Amino acid sequence: MAYPEKSILVLVDVDPSGDAASSTAALLGAASTIGAPVALVVGGSQAATDAAAAAGAQVVLTAAGDASSLTVPVVDALQAAYRQVQPDAVLISNSIAGRDVAGRFAVREKLALAVDVVGVSRDDEGVTAQHSVYGGSYLTDSAPTFGAPVITVRQGAVDARAEAVASPVVEELSVTASGAAAATAGEIAAEAKTSSRPELRGATRVVSGGRGLGSKEKFVLVEQLADALGAAVGASRAAVDAGYIPYAHQVGQTGVSVSPQLYVALGISGAIQHRAGMQTAKTIVAINKDGDAPIFDVADFGIVGDVFTVVPQLIEALEARKK
């Protein structure tokens with residue numbers, strides 16, 4: 001079949017249950033700003049295909065995949081889709097699995113790879129990727145001198161959303177297995193979640209706490225504000241190292257990189273390693289009793305004060321507005 005002009009191939013992340021990952025809408029939204037989104041769903045359910053169509057894919061390619069093998073079947077399918085569609089760029093989520101696929105695919109096709117991108121654009125010469133570099137100190141662009149760029153997009157970094165296509169074309173992709181060595185996946189067990197809070201990676205609102213909270217017991221203040229805002233809970237490395245909260249909540253260069261609409265930092269000094277993971281947030285609010293804390297250098301709004309005095313008043317005001 002003939003594919004749309006300026007096609008952008010988007011690999012849809014599929015979770016173990018077969019559903020499309022939460023990154024799907026943002027990836028297809030980013031693709032829509034630079035061309036015509038063509039989604040690839042490997043090993044997903046009908047719900048994943050429907051999610052890709054609802055998120056704005058003009059064409060949805062499906063491939064069976066192999067649930068028992070890691071990465072390689074997805075790379076095989078992506079390579080087949082790339083050669084068939086001949087897109088101007090390939091967009092992949094900057095998840096652990098996405099980065100693995102992107103690197104292998106770029107090597108196979110000898111294409112330029114741009115990782116952890118916070119924005120994409122197009123000029124007369126092709127697609128350009130925007131990066132937050134040197135610990136978030138500044139933004140810079142990259143573009144290949146030949147071929148289509150392979151781009152992994154940071155979750156939560158792109159606001160654009162594509163309009164759903166009334167009648168997207170759904171096509172089954174023919175994939176020839178490469179025979180490359182692949183790790184075998186063991187049994188996957190779903191872990192039941194008891195929290196109603198959003199997942200940190202990709203959340204639109206994040207409240208993070210630092211060593212300034214003082215103890216694990218007092219860190220509950222961060223959770224209370226997060227619940228009042230409907231936000232995910234994050235933390236600085238210092239708070240994680242002190243045992244206030246598990247490592248999975250660490251935001252920063254050695255943790256999770258987030259780009260929410262709102263980032264609230266409570267008792268976080270703002271070391272460069274932490275700022276590297278949150279500086280691309282659209283609005284940053286910092287509350288710290290040290291007026292010289294580096295976090296205020298990147299904050300849009302700052303309050304110099306004791307978090308245990310300021311935050312309860314903030315929670316009270318938020319609860320009053322809900323009534």
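Predicted model: local features only at pLDDT ≥ 70, side-chain atom pairs only at ≥ 80, totals over all residues.

Me: Where in the chain do D227 and R197 sit?

Reply: D227 is in helix α5 (residues 220–229), while R197 is in the loop between β10 (169–172) and β11 (205–209). They are 30 residues apart, and the pair links distant parts of the chain. There is a network here too: salt bridges that share partners join R197, E223 and D227.

Me: How many salt bridges does a search of the whole structure find?

Reply: The search turns up 10. One of them joins the side chains of D76 and R108, at 2.7 Å from N to O. D76 belongs to helix α3 (residues 72–85) and R108 to helix α4 (residues 96–109), so this pair ties together parts that are 32 residues apart in sequence.

Me: Is D76 buried or exposed, and how do you know?

Reply: Buried, because its relative accessibility is 7% and the limit is under 20%. R108 has a relative accessible area of 25%, so R108 counts as partly exposed.

Me: What makes E109 and R83 count as a salt bridge?

Reply: Again it's the distance: their closest N and O atoms are 2.9 Å apart, and the cut-off is within 4 Å. This pair also links distant parts of the chain, with E109 in helix α4 and R83 in helix α3, 26 residues apart.

Me: Which label, buried or exposed, goes to E109, and which to R83?

Reply: E109 has a relative accessible area of 16%, which is under 20%, so E109 is buried. R83 comes out at 53%, which is over 50%, so R83 is exposed.

Me: On to the strands. What makes β4 and β9 a pair?

Reply: DSSP has to find at least two bridges between two strands. Strand β4 (residues 89–93) and strand β9 (residues 150–153) have 4 bridges, so they qualify, and they pair in the parallel sense. If you want a spot to look at, L91 stands opposite I151 in β9.

Me: Which sheet are they part of, and why do β5 and β10 stand at the edges?

Reply: It's an open sheet of 7 strands in the order β5-β9-β4-β1-β2-β3-β10, with parallel pairing. β5 (113–117) and β10 each have a single partner strand, so one side of each is left without a neighbour in the sheet. On average, neighbouring strands are turned by 20° against each other, direction ignored.

Me: Last topic, the second largest pocket. What lines it?

Reply: Its volume is about 320 Å³, and 23 residues line it, with S236, A238, S269, G270 and A271 nearest its centre. The elements giving two or more residues to that lining are α6 (237–241) and α7 (272–275). α6 gives the most, with 3 residues. By class, the lining has 6 nonpolar, 13 polar and 4 charged residues.

Conventions:
Residues numbered from 1 in each chain as written. Heavy atoms only, no water. 1 Å grid on protein atoms, 1.4 Å probe; cavity = no way out; pocket = protein on both sides within 12 Å on 5 of 7 lines; lining within 4 Å. Points joined across faces, edges and corners; volume = space filled by probe spheres on them. Nonpolar A, V, L, I, M, F, W, Y, C, P; charged D, E, K, R; others polar. Buried < 20%, exposed > 50% of the residue type's maximum accessible area, 1.4 Å probe, protein only. Axes fitted to C-alpha atoms, helices over the stretch in contact; angles between N-to-C directions.
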